[in-house]
Amino acid sequence: MDAAEFRRRGKEMVDYVADYLENIEQRPVYPDVEPGYLRSLIPSEAPLEPENYDDIIKDVERVIMPGVTHWHSPNFFAYFPAASSYPAMLADMLCGAIGCIGFSWAASPACTELETVMLDWLGKMLKLPEHFIAGTDGHGGGVIQGTASEATLMSLLAARCKAIRRVQATNPETSEAEIMSKLVAYTSDQAHSSVERASLIGGTLMRKVPTDNAYAAGGGMLKKMLEEDKAAGLIPFYFCATLGTTSSCAFDHITELGPICNEENMWMHIDAAYAGSAFICPEFRPLLNGIEFADSFNFNPHKWLLINFDCSTMWLKKREDIIGAFKMEPLYLKHENQESGLITDYRHWQIPLGRRFRSLKMWFVFRMYGLQGLQAHIRKHVLLAKEFESLVRADKRFDICAEVVMALVCFRLKGSNELNQLLLKRITNSREIHLVPCQLSGLFVIRLALCSPSTDSCHIQHAWQHIVQLSSELLQDNH
């Protein structure tokens, strides 16, 4: 493919993408395929001779689209949003064209510098404390990770390194292995599974703090567990708080937890993967109060801020905590400006070496929507969630299972877990709307999350009518 054909095919692809998104509602939101469906539709080996581009595009509809779950359909209400917008797609196209591998400032100065500035822009939108902003006299700054899972793991590994060095500073004869065997991390029993996974990868014990009736972790229970563990000779070193849990969008009490972590010399990481985007709205910013106690903070603009995957933003109070834990300097990666103090080499802030020019997506989206446009997107989803909540509450056969704070509604039919499992199975098999479950207080609960920017009140009304119809049929069948 030469430049001339690329121009032509590129325009065709833009048309295909625009048509796909404009007409996405006409496609079943959930695919009707069996595991392994795709293998029989394509050859068992790569072609020896070049193939025709038109044939490849035909195969997108024949092979790929039948197996796609349409995350950007207005009838998709599962998991959490996977953000996307036309400006972000265009920026991603440019990122692919530039094709730099931005592991250091020298590898592509614009890639590094734009990221630093974009993290400052976003940090100021969130009104983060000054120490998290790179362009101030503080010692912190921001970085784009691939996912919140990576950010949690990086924070835990940095905290582990810091704790080991602190113990060895006062007890130089103690081996790293001995200290590691005594380290203990904590998180809420509602935290995402990736938090526990981080402790498995990090080789440390993790204890889950029981939550209150609102599914939030509080200071009293953490303090009790810390006293028990210290009395047993363990070394508490890390707490991961969640703002906006995956199951129910609950918020840990960080104003209670933060001072305890600071007193105990424990690293506090805040995972706000979903809810963090909403903190750009003044009415939701109080939920972030207590951020001043945190050592690191992370959320996913690729969930709810119109920036497509992957873009998970992380801020550090002291950047040397993370750089000091992972710094490796082979000769082939060194450059003359690295010790100047003026630049950042993001390879020290992450697990991989290479990184894409992801900040372009932030730059395009922030400029084309503005803060007010992004706030309007968040508020629209919150209002639609409230609309759905009111429909559920008006039907006495259903319960709302958790407070609706943002754009997630947790509900269930009154009755057994088996009844609700059957209802969700019928919803999934109908392929008109897509929802997923969670478990709250031992109950099987159905979640409805506002996801697509194109979802409107008519889609909420349709979703509810569909749920009511299937529920009525199910209750009739069960009599």
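Predicted model: local features only at pLDDT ≥ 70, side-chain atom pairs only at ≥ 80, totals over all residues.
**Exercise 1. How are α4 and α12 oriented to each other, and which residues meet where they pack?**

Step 1: Start with the general idea. Two packed helices are described by the angle between their axes and the distance between the axes.

Step 2: Find those two values. Helix α4 covers residues 109-125 and helix α12 covers residues 359-393; they pack at an angle of about 25°, and their axes are 9 Å apart.

Step 3: Angles under 35 degrees count as roughly parallel, so α4 is roughly parallel to α12. As for handedness, their crossing is left-handed.

Step 4: Look at who touches whom. From α4 come Cys 111, Leu 114, Glu 115, Met 118, Leu 119, Trp 121, Leu 122 and Met 125, and they meet Ser 359, Leu 360, Met 362, Trp 363, Phe 366, Arg 367, Leu 371 and Leu 374 of α12. Sort the residues of this contact of α4 with α12 by class and you get 13 nonpolar, one polar and two charged.

**Exercise 2. What is the orientation of α5 and α7, and what is the hand of their crossing?**

Step 1: Get the geometry. The axes of α5 (residues 148-170) and α7 (residues 193-202) come within 9 Å and cross at roughly 45°.

Step 2: Pick the word. Under 35 degrees would be roughly parallel, and 65 to 115 roughly perpendicular. With a crossing of roughly 45°, α5 and α7 are therefore oblique to each other.

Step 3: α5 passes α7 in a right-handed crossing.

Step 4: List the partners. On the α5 side you'll find Ser 149, Thr 152, Leu 153, Leu 156, Leu 157 and Arg 160, while α7 brings Ser 194, Val 195, Ala 198, Ser 199, Ile 201 and Gly 202.

**Exercise 3. Is Ser 194 buried or exposed, and which side chain does its own side chain join in a polar contact?**

Step 1: Ser 194 sits in helix α7.

Step 2: Check its accessibility. The relative accessible area of Ser 194 is 9%, and buried means under 20%, so Ser 194 is buried.

Step 3: Find the partner. The side chains of Ser 194 and His 192 are joined by a polar contact of 2.9 Å.

**Exercise 4. Where does Thr 455 lie, and what is it in contact with?**

Step 1: Locate it. Thr 455 belongs to the loop between β11 (443-449) and α14 (457-477).

Step 2: Judge burial. Thr 455 has 0% relative accessibility, so it counts as buried.

Step 3: Follow the side chain. The side chain of Thr 455 reaches the backbone oxygen of Pro 74 at 3.1 Å.

Step 4: Widen the view. If you skip neighbours within four places in sequence, Thr 455 is in contact with Ser 73, Pro 74, Phe 77, Lys 380, Leu 384 and Leu 450.

**Exercise 5. How does Ala 110 count by accessibility, and what distance separates its C-alpha atom from that of His 434?**

Step 1: Ala 110 is part of helix α4.

Step 2: Use the cut-offs. Buried is under 20% and exposed is over 50%; Ala 110 has 46% relative accessibility, so it counts as partly exposed.

Step 3: Read the distance. Ala 110 and His 434 are 324 residues apart along the chain, and their C-alpha atoms are separated by 40 Å.

Conventions. Residues numbered from 1 in each chain as written. Heavy atoms only, no water. Helix = DSSP H or I, 4+ residues; strand = E, 2+ residues; numbered from the N terminus. Buried < 20%, exposed > 50% of the residue type's maximum accessible area, 1.4 Å probe, protein only. Polar contact = N/O pair within 3.5 Å; in protein donor to acceptor, adjacent residues only side chain to side chain. Contact = heavy atoms within 4.5 Å. Axes fitted to C-alpha atoms, helices over the stretch in contact; angles between N-to-C directions. Parallel < 35°, antiparallel > 145°, perpendicular 65-115°, else oblique. Left-handed = near helix turned anticlockwise from the far one by under 90°. Nonpolar A, V, L, I, M, F, W, Y, C, P; charged D, E, K, R; others polar.
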